[in-house]
2 protein chains.
Amino acid sequence: MSDTTCRRLTPVPLTQVSIESAFWAPRLRTNRDVTLPIEYQQCKYTGRIDAWKLDWTPESGTEEPHIFWDSDIAKWIEAVGYAVAIERDPELEALVDGVVDLMEAAQQPDGYLNIHFTAVEPELRWSNLRDWHELYCAGHLMEGAVAYYEGTGKRKLLDVLCRYADYIDTVFGPGDDQLPGYPGHEEIELGLVKLYRATGNERYLNLAKFFVDERGQQPHYFDIEAQRRGKALPAHYGDNHDYNQSHLPVREQETAEGHAVRAMYLYSGMADVAGETGDPTLLAACETLWDNVTKKRMYLIGGIGSAPHGERFSVDYDLPNDDGYLETCAAIGLVFWAQRMLQYDGDSRYADVMERALYNGCLSGISLSGDRFFYGNPLEVDLDARRGQPQHYRGTSMAPVRQEWFGCACCPPNIARLLASVGSYVYSTSDDALYVHLFIAGETKVEIGGQSVSVEQVTEYPWQGHVKLVVTPETAATFALALRKPDWCRVAELRINGKTVEPDTMRKGYAMVTREWQPGDVVHWMMEMPIERMRANPAVRHDAGRVALQRGPLVYCLEELDNGPNMADLILPADAPLTVRWRGDLLGGVMVVEGDMLRRDSLAWEGALYQMDPSPLVVAPFTAISYYAGANRELGNMIVWVREG
Amino acid sequence: MSDTTCRRLTPVPLTQVSIESAFWAPRLRTNRDVTLPIEYQQCKYTGRIDAWKLDWTPESGTEEPHIFWDSDIAKWIEAVGYAVAIERDPELEALVDGVVDLMEAAQQPDGYLNIHFTAVEPELRWSNLRDWHELYCAGHLMEGAVAYYEGTGKRKLLDVLCRYADYIDTVFGPGDDQLPGYPGHEEIELGLVKLYRATGNERYLNLAKFFVDERGQQPHYFDIEAQRRGKALPAHYGDNHDYNQSHLPVREQETAEGHAVRAMYLYSGMADVAGETGDPTLLAACETLWDNVTKKRMYLIGGIGSAPHGERFSVDYDLPNDDGYLETCAAIGLVFWAQRMLQYDGDSRYADVMERALYNGCLSGISLSGDRFFYGNPLEVDLDARRGQPQHYRGTSMAPVRQEWFGCACCPPNIARLLASVGSYVYSTSDDALYVHLFIAGETKVEIGGQSVSVEQVTEYPWQGHVKLVVTPETAATFALALRKPDWCRVAELRINGKTVEPDTMRKGYAMVTREWQPGDVVHWMMEMPIERMRANPAVRHDAGRVALQRGPLVYCLEELDNGPNMADLILPADAPLTVRWRGDLLGGVMVVEGDMLRRDSLAWEGALYQMDPSPLVVAPFTAISYYAGANRELGNMIVWVREG
């Protein structure tokens, strides 16, 4: 359990962080110029926009509005909100404003706002919280409304969502005339806390707390609800309450179960409520769950939810590579949760996971071109293995080729909102410190202890580990600079104004330097960034005898295009030298890892399928690229974990 | 292509081979005393016997007779036929005779004999050869009838099947008033050839040849048939003709495709027809297909058909261990095909595969107790991986626990008929040679070039590689003794009457010794039988970096019960000494392989999921048992391919 129950840190908001990183700035530009327009077009083309007119009928000849359509456009609005907070964009805003007008018109007199359960099945409103997505959609709409309000100052959608939240607050609660229910797919908890922060209305926080507290209590709401329906409707993934994390009251949950995205949103919501209420029992539950996820159920790329069936967590250490699911949204959710946990006491283990997921399992979810997406992000692609499986077992969500869109299109707008808001993950402040969590070139301006401080960060991270910080308080000021020493870094050197110094202390993974800072003080934080061979716990049977290459925060992979077929037969000698080389021409610029592996000489086999003697080995030069950059060229096999020998 | 188009060898029949092997004799006894009675009871209990009364109605309250029920009891009758050929058994015969009476009564006036399409859907007779199993069931009934006739001299069932075959011969054929069809599930080809051999009626051979020749011709019969049905009926595994090996005329097929059992029965039928007709093109196709199966698509245990979906062949070298299907029936079918190919010219490559499948992938299909069965025989059991998968993806056919019976119960009576007839796989004769294919202690009496010769085989095979043969011609006689030198054997020594001699020649894997044999001549064939580390072709990505232990014909496995959890982390040092030890107390008596492996020290990990440094290794003593003996104790994980380092 943490030694504090209140958040000591506050993230430096998006608007106070400029990004000039050669790695990140082009991504944000692509996100704004390519991804956001395309996602609008996809929503338009698939009917997700016009559905807000609520005029769908079975005779329309168009697809029936799905129960989660609302959330796709909501996440897109949220992403636009972040993008325009940095730089206004009349064209994007015009698109949003048009949708907002539809939404406002779609709001029912009582405040209700949902496409499907207004236009298609109005009689079923709130009748199946377990399997349907009304509260989930509401939560995303709230997040979108807050982001768009904060990015533009436009209140219309925020007001709509406040009315909706007010209405929801009358429907759900402990009163005799209220439903003691909670969402089957968590999300509204986050939306309500954001709405509370944006409006100061405690009603929203209390409702979020109600949803968190009520979850998994007995008698079980979802059972009562199912009985009320006469179980006439098919259950989604059965009656297993762990699928939606309602198998126990949340404070009694010790392992991450069920649908991974739902779990991440729940845990983020728990962290939010704990942060606002100072509830130590809720925080303790988060910490227990954090340990389970990150020490037993997380892939090296920060992906989670290994089981395709149910997009869910499997058992401890069950992290198959080719069969792994690792939904993009789940890695994004892990970033959300990590950032929330990080604010409590500035423990770098949260930032380490946040960075790992961000640079690997999240970034892999979108193509370099910004217009193609992965739903699943496995650590191995084995096209032959897929040939031997039934088509229905792997849909487009597990396709090895990035898709333009998905029927269940949660991931594309989710990665867009994460990218648009990446600036908000870089720094935090406390009363007396500036925390540097991520190393992203750019500038920030913060207040610390009433002092205004500008900081310029210069770095080629993630390609190099040297970070230069120019610290410029308005006038000389005393505060701590907290520099994260990442989990991948064995040795880091600190220089201030050219002189090597020791940090005052290492505190929870951060090098703390407290001094009276003068305008223009220069700090060098020089993290050695060799290529590391990562190894998985012996209980992860899929990675036994294997290593994964990692340099800095970036996990590497080998693609067939660079390394030829049958990469399973490659073996990396334990003493093989590994080198890095900048390839500006490749994949938008990437530092490749090169070296020599060995492979068996197929020719020596003369067609035999089995033989008794070992084979001669031949040298096989290899090129590894960063995992996020994979699947941006021709279709082919890919591996992350290579055999070591 | 073979250098002969006629069979040079003839198997020595069951009735001329006694089995006294300490390995095999108890298995045959269990088969007769336990398996055959239990299988009858299962057929009775599940309605497969009474269904022959043809009185089922939807109101019966019993299960609707399935389209393949006929074949289950037919294979059981065949097994009884072989068992009583060796030693009559009034009780078993009484059970058969009772069923035969029902069958005789069930035969329609025109000769038709099928439960489902007489009692349930008579109007659909012959309307869907692709998906239904009428001709398949007919074939099994023919095989059963011939075996029972040859084992007992009782003709009733043989006569019934001749009438049925006569009728089928009027329905199918090239005539204008005939159907140019062939079975979706092959089998009748084998039955017809056996019926031809038992009766001498060439009509049956010609019909078998018709079915083989017609397969895959254009216009495609199954398409025409589907059109005739208006495609109203759901296709079984779609319209993929390769599923049932009708994608090409059989002589143009070069890779083993589709449902593995169907493929084995087709290829066996092709070999039969080629053998009887001397058709070199048919034999050439068999040889091409043989190479594809055994050099690219066969597991080390002689199992085939790696893909669970469709119980079918996947692509070359796609041989997953945990996900592998390896239906017991497919390995049995491979034995059938191998034995047929072996008779052409006595090439030991066929006997090698026959022995490999028999001792491993077939024997594993039945428990040591004789009353539990495997449908699938994977080379790895990973219970955790199964937890992460949908239930519907793995039914009882892939359960890691042997089952008492299956809804699709093809495997139990199939293994029973193979075990009951194992004596027929041991020897062949040619005009001037006695071939010893398998090393099974017992006696045989054969005719070679008109001379009667008795041979006593004394050996503890498969546990020891020493074989003693006492050759006793009635009078001194000149002929060749052909002793197989198995593919697993590097060094074998030949002694005659105590003196080491060189074979006259090695011919296609057989040590040939031609001499004038005197009564009581003693031959020692001493095959060195060390523990071998088998390696798979580099293209088999699932086995890269791994070895499988094999001693003699037996492949070994490691069970969790003997070796603790997480066997994936075990590593067998390249120079680790391996020892064998007889354990008479274990699993009915088994030679275990023991030694020391290494595994990482989990304690050194302190709960970390990933780390950068290698772990210390600790010694992990291991015990391996023969694969066929696995899954006879507590449920647990199992591996065959262990990492070598």
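In chain B, the charged end of R402(B) sits over the ring of F374(B), at 4.3 Å from the ring's centre. A charge sits over a ring if NZ of Lys or CZ of Arg is within 6 Å of the ring centre and within 35 degrees of the ring normal. The model is predicted: local features need pLDDT of at least 70, side-chain atom pairs count only at pLDDT 80 or more, and totals for chains, interfaces and linings use all residues. Residues are numbered from 1 along each chain as its sequence is written, chains are lettered from A and ligands numbered from 1 in the order in which they are written, and side-chain values use heavy atoms, with hydrogens and water left out.

**Charge and ring**
- In chain A, the charged end of R402(A) sits over the ring of F374(A), 4.3 Å from its centre.

**Aromatic pairs**
- Over all chains, the structure holds 60 aromatic pairs (rings of Phe, Tyr and Trp, the last by its six-membered ring, with centres within 6.5 Å; planes under 30 degrees apart are stacked, over 60 edge-to-face, and the rest tilted).
- The planes of Y267(A) and W337(A) stand at 50° with ring centres 4.8 Å apart, so this pair is tilted.
- Y267(A) belongs to helix α10 (residues 260-277) of chain A and W337(A) to helix α12 (residues 328-345) of chain A, so the pair ties together parts that are 70 residues apart in sequence. Helices (H or I, at least four residues) and strands (E, at least two) are DSSP runs, numbered from the N terminus.
- Y267(A) is buried, at a relative accessible area of 0% (buried means under 20%, exposed over 50%, partly exposed in between, with a 1.4 Å probe and protein chains only).
- W337(A) also counts as buried, at 0% relative accessibility.

**Cysteines**
- The count of disulfides over all chains is 0, where a disulfide is a pair of cysteine sulfur atoms within 2.5 Å.
- C43(B) is in no disulfide, as the nearest cysteine sulfur, that of C410(B), is 12 Å away.
- C43(B) is buried, with a relative accessible area of 1%.

**Sheet in chain B**
- An open sheet of 6 strands runs in the order β1-β4-β5-β9-β13-β12 (chain B), with mixed pairing; two strands pair if DSSP finds at least two bridges between them.
- β1 (10-11) and β12 (505-507) of chain B stand at the edges, each with a single partner strand, so one side of each is left without a neighbour in the sheet.
- Strand β5 (residues 433-436) and strand β9 (residues 477-484) of chain B pair in the parallel sense over 4 bridges.
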